[in-house]
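Subject: Structure handover

Dear colleague,

Please find the structure below, handed over for your own work.

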Amino acid sequence: MKFSFDRDSLLKEISISQDVIATKNAISILSNVLLNAENGTLTIKATDIKINFETKIPVDISETGSTTVYCDKFMSIISSLPPGEIEFEQKDIKIHIRSVAKKAKFQLKSIASDKFPEFASPDTVSFFDIPVRTFKEMITQTVFSVSDDETRYFMNGVFMEKKESDLIFVATDGRRLAYIKKDLGISIPDFKGVIIPPKILSIILKRASDEGPISIGVSDKTVFFRFNNYDFSSVLIEGQFPNYSRVIPETQTSYFEVEKRDLVEALKRVALLVEQKSRRVYLSVSPGTLTISSQETEIGTAREEIPCQYDGPDITIAVNYLYIEEPIKVIDSERIRVEFTEQMKAITLKAEPETDFFHIIMPMQME
């Protein structure tokens, strides 16, 4: 097996492979990337068993073949070389990597490609397209609310379902919930609601451009994604996702609105003295003013007032400040609307003017 390639064109694909690979054990096939050279094309595959990645790039092939190479060191070697042509040659179990521009030569050991896991086939799966910018927005609005409690594994991913032409994403950790719905205006193939692991969504968020479509296909146990010249698939999380509609308030009697910038900056300052175990802050709202304060500790306390639009009785609600800070970071509007009913019932964060997503937060006990 022998081929030459442009350093920069391969480096990006290998770095994506490294995102997928979970282990850095040099003797494990799962630490290796599969390379298959034939018909002027190099096929690259990487997997951690649950997530699969495949792409193809044009290369100049002198001898066809297939092998696997330790991804971490392969990427380090390519990164260290200057831009330009690089030669790759395999002889028995040894791989030789040479720079055409520099007198630099590396040797790595390979593992036979027949030991590399087979990928699930999407041949019988129906795909639908969504603008990749829209899909990335749906990930951004939800993925941070996924639970990391492995005993509640059914909340360890983002729930995706379809309702007619709407695509819905929901994530929850039992104390907060993120929801977004997009009307795609197309006929979406039928599939039951599925729970997608956050790792594959984070890779798409990082690696997909903002232009063009992303194709999505869902089978009983696997979700498939295609964009640019990339093919990804991921095993779905099994289990019954909670009935999220029960958490969404039908009506909320009160609300206040604040400038997003004021709220972000005030939270950042008050958080300096927040007790790190509970992360409790108090939101005290009265007509015209929102006061954000930390729980008093041995170190001290912090308090800041910002203007708000509110016309109602004074009320104080205790919340985990991260549950406020994380959603407002991804709400792309200048004003934030906070809806509530009473001290110990769920509050809802929305963009103002309202759009197609919201974030629900359960208050904490007052102390």
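Helix α6, which spans residues 321–330, lies across β19 and β22, and runs at about 80 degrees to β22. Please note that this is a predicted model. A further helix, α5 (residues 260–270), lies across β19, β20 and β21, and its direction is at about 175 degrees to that of β21.

The strands named here belong to an open sheet of four, ordered β21-β20-β19-β22, with antiparallel pairing. The edges are taken by β21 (303–307) and β22 (315–320); each has a single partner strand, so one side of each is left without a neighbour in the sheet. On average, and with direction ignored, neighbouring strands of this sheet are turned by 20 degrees against each other. Within the sheet, β19 (residues 280–286) and β20 (residues 289–294) are joined in the antiparallel sense by six bridges. In this pairing, V285 stands opposite L290 of β20.

For F74, once neighbours within four places in sequence are set aside, the contacts are L10, I14, V33, L35, V69, F88, I97 and L108. As general background, nonpolar side chains in soluble globular proteins tend to be buried together.

The remaining point concerns strand β24 and its two partners. What is the setting of β24 (residues 347–352)? Five of its six residues are buried, so this strand is largely enclosed by the rest of the structure. On one hand, β24 pairs with β23 (residues 335–340) in the antiparallel sense over five bridges, and the two form a hairpin with six residues between them. On the other, three bridges join β24 to β25 (residues 357–361), again running antiparallel, and these two strands form a hairpin with four residues between them. T348 of β24 takes part in both arrangements: E339 stands opposite T348, and T348 stands opposite I360 in β25.

Kind regards

Terms used. Residues numbered from 1 in each chain as written. Predicted model: local features only at pLDDT ≥ 70, side-chain atom pairs only at ≥ 80, totals over all residues. Heavy atoms only, no water. Contact = heavy atoms within 4.5 Å. Pairing = 2+ DSSP bridges. Axes fitted to C-alpha atoms, helices over the stretch in contact; angles between N-to-C directions. Buried < 20%, exposed > 50% of the residue type's maximum accessible area, 1.4 Å probe, protein only.
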